[in-house]
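Take a moment with the sequence and the fold before reading on.

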Amino acid sequence: LEDGSMSAFLLVAGALLVGAYVFHHVFVRGKQCTSRARLDGKTAIVTGSNTGIGKTTAIDLAKRGARVILACRSRQRGEAALADVRRESGSNQVVFMQLDLGSLKSVRSFAEAFLKAEPRLDLLINNAGVYLQGRTEDGLGMMFGVNHVGHFLLTNLLLERLKQCGPSRIVNVASTGHNAGTIDFDCLTKHKALGLSTSFSGVFKIYCDSKLCNVLFTHELAKRLRGTQVTCYSLHPGAIRTELGRNTNFLVKVIMVPLTTFFFKNTVEGAQTSLHCALQEGIEHLSGRYFSNCTVRDVYAKAKDDADAKKLWELSERFCGLA
């Protein structure tokens, strides 16, 4: 009987392990970027590339021969990542440049230094993001300021160079969370923030709002780029084990560890849709669209609302002094 019980236990355990493996590979791991494009002689900027999918994206682009600019807030972490990316890619065409997306002054300084030092720009990967309530140094809501406005200004300041080097691409890392987002234009106008809540659910909602901004920004940007050789895409990278939640409390982190290990992608799996949007041949006609799992997806009406996208653009121009 004991032998029978042990056999049954081993059978069940084996079935669970096989099931878990299949589940992860089919549902979690997702599709891979299949492009074999080489990027010799081309230049890419990846924001937030000192960690997570940004760092993995930078390594892949460097392996393909691109000159890669690691645009990161922390000099210490950026320089540590620089050593890692160079070592793992085998390329010395990797450069660190400091960029704090929470400071419009820093964004302008970065763009000025980049345009002076680098003759080309072929790929702009707006990857950085924060999950943190607070204010930027310009008084904007932190997630609105970093996840949207900083990238909005950066993109606009680099647009001429991207046009000169076309065909070129802009990739905005959003999230499926944008589906739960809304944009409260009254709150934005009055408080320069997407919301003021500090509760767990309130902060999560503001994060989703900022990701909706990414999708709407891409929608409007594509319209403004018609007739140029620059295309743009937004994407959901998947649920990923990254440092995005490093500012959450200890209890949330403890609960999340077993969940993320099993149900979430690693950074290589998580970078695949960013790479697909940056490299896949023949998707130029899909400029402005949203991708998930290396596949173009339809979005809710609110994520392609022409009036809201235009309003957000004009408000963003005002906030960063472009208007």
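This is a predicted model: local features need pLDDT of at least 70, side-chain atom pairs count only at pLDDT 80 or more; totals for chains, interfaces and linings use all residues.

Residues are numbered from 1 along each chain as its sequence is written, and side-chain values use heavy atoms, with hydrogens and water left out.

Start with the sheet. Strands of a sheet pair through backbone hydrogen bonds, either parallel or antiparallel. Here, 8 strands form an open sheet with mixed pairing, in the order E3-E2-E1-E4-E5-E6-E7-E8. Helices (H or I, at least four residues) and strands (E, at least two) are DSSP runs, numbered from the N terminus. Two strands pair if DSSP finds at least two bridges between them. Strand E3 (94-98) and strand E8 (295-297) are the edge strands, and each pairs on one side only. From one strand to the next, the twist averages 25°. Angles run from 0 to 180 degrees between N-to-C directions, and axes are lines fitted to C-alpha atoms, for helices over the stretch in contact.

Now look at one pair. Strand E6 (residues 230-236) and strand E7 (residues 290-292) pair in the parallel sense over 3 bridges. Histidine 236 has serine 292 in E7 as its bridge partner. Helix H10 (residues 272-279) packs on the sheet and touches strand E4 (123-126), E5, E6 and E7. Contact means heavy atoms within 4.5 Å.

Next come two helices. The axes of H5 and helix H11 (residues 306-319) come within 10 Å and cross at roughly 85°. H5 and H11 are therefore roughly perpendicular to each other (65 to 115 degrees counts as roughly perpendicular). From H5, Phe144, His148, Phe152 and Asn156 meet Leu312, Trp313, Ser316, Glu317 and Phe319 in H11.

What lines the largest cavity? Its lining residues are Asn126, Ala128, Asn147, His148, His151, Asn172, Val173, Lys211, Asn214 and Phe217. A cavity is a set of points on a 1 Å grid over the protein atoms alone where a 1.4 Å probe fits but cannot get out; lining residues have an atom within 4 Å of a point. Helix H5 (142-164), strand E5 (168-173) and helix H7 (200-224) each supply at least two lining residues.

Finish with the backbone. The peptide bond from glycine 166 to proline 167 is cis, with omega near 5°. Proline 167 sits in the loop between H5 and E5. Lysine 192 has a positive phi, near 55°, in a residue other than glycine. Lysine 192 lies in the loop between helix H6 (185-191) and H7.

Definitions and conventions. On a 1 Å grid over the protein atoms alone, a cavity is a set of points where a 1.4 Å probe fits but cannot get out, and a pocket is an open set with protein on both sides within 12 Å along at least five of seven lines; lining residues have an atom within 4 Å of a point. Angles under 35 degrees count as roughly parallel, over 145 as roughly antiparallel, 65 to 115 as roughly perpendicular and the rest as oblique.
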